[in-house]
Amino acid sequence: MVQSDNTVLSLFRDSDALLQGHFKLTSGKHSEWYFEKIRLIEKPAVMDRIIDLLAAKIRREVPDFDYVVSPAYGAIALGFLAALKLGRKFAFTQRVEEKMAFRSGFSGIDGSRAVIVEDILTTGGSINEVVACLKERGVTVAGVYVLVDRSGGGIPIEGRPVGSLLSLKVEAFEPAVCPFCAKGVPLTKPSASDKKV
Ligand SMILES: [Zn+2]
């Protein structure tokens, strides 16, 4: 079920960011896999090696863009690091009264070309909000990249596949039909994410 280069997988495992077990997701469903992204923020040296791989992929696939754009707050560190490695500018979006917007001050972004960098693709909800935000400013979306694609490549953004370092087709089960509940595996509720998705 895991399609990836072993280097990426071992980096995620080394950082304790990719956990295997029996987890209660924010949707209420249960899953065998959980990605604890805060572990990467906690370990800059591992993050640095992971972003090296992401930046190399972006460099190969997107020759022409001006900005890396990431949504606040979880993806700011990785987007900033990617922009630094790629020699591009960086900007982030944040929610202002529930709506995704650019913080005032990112005035140079209008009409530019941007690559969106996010940590995890699950439903595409927050990435689509960033896309809408970029379009309002006349920005061309030159690519969309995530560290982990939990849809296993199943969710295109703007009609294009999303680039990822790790593609996981994660099955989520209703508790009543969860095979791990049936086996009596203890259920873990991961630390609550502050992400409103
Ligand atoms: Zn279960």
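The following legends describe close-up views of a predicted model.

Local features require pLDDT of at least 70, side-chain atom pairs count only at pLDDT 80 or more, and totals for chains, interfaces and linings use all residues. Residues are numbered from 1 along each chain as its sequence is written, and side-chain values use heavy atoms, with hydrogens and water left out.

View 1. Helices (H or I, at least four residues) and strands (E, at least two) are DSSP runs, numbered from the N terminus. Ile50 is buried, with a relative accessible area of 0%; buried denotes under 20% relative accessible area (1.4 Å probe, protein chains only). Residues up to four places away in sequence aside, Ile50 touches Leu11, Phe12, Leu40, Leu147 and Leu165, contact meaning heavy atoms within 4.5 Å. Phe12 lies 38 residues from Ile50 along the chain, with 8.2 Å between their C-alpha atoms.

View 2. Strands pair if DSSP finds at least two bridges between them. Nine of the 10 residues of β8 are buried, so the strand is largely enclosed by the rest of the structure.

View 3. Asp149 stands opposite Ser167 in β9. Its contacts, not counting residues up to four places away in sequence, are Leu121, Ser164, Leu166, Ser167 and Leu168.

Definitions and conventions: Buried means under 20% relative accessible area, exposed over 50%, partly exposed in between (1.4 Å probe, protein chains only).
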